Amino acid sequence: MNRQTEGHDDLREIAHQAMIDRGLEPDFPKDALSQAAALKGPCQESDKDIRDLRELPWCSIDNDDSRDLDQLTVSQPGNGGVRILVAIADVDCLVTKGSAVDRHAEKNTTSVYTPGIIFSMLPERLSTDLTSLNENEDRLSMVIDVIVSEDGMFAVSDVYRGLVRNKAKLAYRGVGGWLEGHSDPPPKVVETKMEDQLRTQDRVAQQLRENRHEHGALELETLEPRAVMKDGKVADLEIEARNHARDLIEDFMIAANGVVARFLHDKAYSTIRRVVREPERWNRIVALAEAHGDRLPSEPDSKALEEFLVRQRKQDKVRFPDLSLAIVKLMGRGEYVLERPNEEGPGHFGLAVRDYAHSTAPNRRYPDLITQRIVKAALKGAPAPYSDDELAQLAQHCTDQEDAAAKVERQIRKSAAAQLLENRVGERFDGIVTGASEKGTWVRIFKPPVEGRVMHGQQNLDVGDRVRVKLIDTDVDRGFIDFVRT
């Protein structure tokens with residue numbers, strides 16, 4: 001368990017119990033901690049097929065406080081385009097299948113991030129040290145190597161093992177602000193002479209994104225406030241704004257996951273794919289578009305939906321995040337499924353990609369570690385490390401546990417919001433109605449960005465209405481925030 005700082009007792013206790021209630025293990029078993037403690041250092045191998053790529057100007061871009069670094073990126077000139085390389089931490093090298101650490105990782109299948117405490121999938125000695133692509137450290141990795149043409153298409157791609165060295169640990173906020181022209185480059189970008197390198201990566205990422213949107217990838221925007229802690233309490237909630245740096249990493253990881261999926265398909269290995277099926281409730285999405293004065297075809301069409309979302313963002317930026325959230329709910333959850341080499345799965349409706357295997361975050365997601373093991377077998381031409389029956393069972397288990405983890409994170413975010421407002425009962429706030437049904441009416445206030453239930457005065461309110469409300473009660477344990485309309 002990764003405890004960030006001392007003093008977050010209330011939220012920690014709530015989060016710890018929520019993990020148990022959802023069938024997750026909040027604490028590492030003793031044998032897993034013993035296994036991690038016994039490791040003498042990072043994995044070292046002398047395989048002739050491992051390419052030495054340490055001299056390339058690799059960098060990581062992640063959250064300011066991230067310590068479990070899963071990927072590095074770099075660009076180079078390529079024949080007919082730009083060569084993009086993505087290095088993924090080699091976790092399997094130290095976390096072998098069936099080991100004590102692996103059993104705990106398989107139990108939870110994901111790291112769970114809550115305010116005040118992170119329930120890491122792997123012990124810190126691994127995830128933030130020995131298997132993390134830390135700055136100025138030599139690390140083994142899986143490398144996805146692709147040449148991207150000017151139109152955002154892949155000219156050629158490859159997957160292999162490599163030895164890499166992170167030259168600069170960078171953060172989304174600083175890099176994004178600079179790439180968008182809002183600020184000077186971060187000092188580390190200047191010190192490591194990464195300016196041209198990052199501008200090239202940004203340009204290629206935008207080409208990849210534009211290509212996906214032309215094929216119907218959805219540009220959704222949901223508000224996910226991040227708790228700012230001070231002296232053991234929630235001091236504020238910050239919106240994690242999208243920027244070019246976040247988009248850069250997202251676009252490269254989508255590309256890398258697609259390359260890995262096609263690589264394993266070509267090598268005739270079964271895999272776990274990440275899919276979002278065509279929305280079963282498409283008729284409700286059509287009705288939602290009509291309520292906004294727009295039209296969608298009667299059959300699921302991701303490109304038409306994306307064009308509708310673009311129009312709505314331009315018309316009403318304030319309400320767009322709530323429209324996005326409604327679309328996300330109607331599209332249904334993502335899931336993991338077994339895909340055999342002679343089959344074609346449903347693909348990822350929201351990303352408009354057919355081939356998508358999670359592979360880029362093996363420190364944080366168990367499906368990525370499974371995929372890494374299959375890739376290693378494919379590179380050697382060795383038997384698959386998992387049978388199809390194992391993969392099918394793991395796919396369902398990972399889907400279930402990911403859903404459980406998401407529920408824990410949502411619950412603790414609500415508790416954090418309640419804690420932030422517990423001393424502001426009686427104050428009035430401006431907000432917007434985000435939900436209105438027989439089950440209740442919900443409003444999101446703007447400052448701070450918190451959602452709660454309207455207990456009185458909700459008559460005739462509908463989604464999208466602007467309202468002024470008064471806070472009448474909070475319950476940190478249950479994450480309840482109650483308003484009345486004023």
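At 1% relative accessibility, D102 counts as buried, a class defined by under 20% relative accessible area, with exposed residues over 50% and partly exposed ones in between (1.4 Å probe, protein chains only). The model is a predicted one, in which local features need pLDDT of at least 70 and side-chain atom pairs count only at pLDDT 80 or more, while totals for chains, interfaces and linings use all residues. Residues are numbered from 1 along each chain as its sequence is written, and side-chain values use heavy atoms, with hydrogens and water left out.

D102 lies in helix α3 (residues 100–108); helices (H or I, at least four residues) and strands (E, at least two) are DSSP runs numbered from the N terminus. Beyond its neighbours within four places in sequence, D102 is in contact with V95, T96, K97, Y366, L369 and R373, where contact means heavy atoms within 4.5 Å. With R373, the side chain of D102 also makes a side-chain polar contact at 2.9 Å. Such a contact is a pair of N or O atoms within 3.5 Å; within protein, one must be able to donate a hydrogen and the other to accept it, and residues adjacent in sequence count only if both atoms are side-chain atoms. The C-alpha atoms of D102 and M121, which are 19 residues apart along the chain, are separated by 9.2 Å.

Helix α13 (residues 388–421) contains Q401, which counts as buried because its relative accessibility is 9%. Residues up to four places away in sequence aside, Q401 touches G23, L24, K107, N108 and T109.

**Strand β8 and its partners**

Strand β8 (residues 138–148) has 10 of its 11 residues buried, so it is largely enclosed by the rest of the structure. Strand β5 runs antiparallel to β8, and A87 stands opposite V143 in β8. Strand β9 likewise pairs with β8 in the antiparallel sense, with I144 opposite V159 in β9. The strands β8 and β9 form a hairpin with 5 residues between them, and G152 in the turn has a positive phi of about 80°. Two strands are taken to pair if DSSP finds at least two bridges between them.

| Antiparallel strands | Bridges |
|---|---|
| β5 (residues 81–89) and β8 | 8 bridges |
| β8 and β9 (residues 154–165) | 11 bridges |
| β15 (residues 428–437) and β16 (residues 440–445) | 6 bridges |

A barrel is closed by 5 strands in the order β15-β16-β17-β19-β18, with mixed pairing. Between one strand and the next, the twist averages 55°; axes are lines fitted to C-alpha atoms, for helices over the stretch in contact, and angles run from 0 to 180 degrees between N-to-C directions.

Helix α5 (residues 172–179) is mostly covered, with 6 of its 8 residues buried: Y172, V175, G176, G177, W178 and L179. Just after α5, G181 takes a positive phi of about 85°.

**The chain as a whole**

The protein chain comprises 13 helices and 19 strands. Its radius of gyration is 23 Å, close to the 23 Å that the globule rule gives for 486 residues, so the chain is as compact as a globular protein of that length. That radius is taken over C-alpha atoms, and the rule is 2.2 Å times the number of residues to the power 0.38. Of the 486 residues, 53% count as buried. Among contacts with a separation of 6 or more, 72% are between residues 24 or more positions apart.
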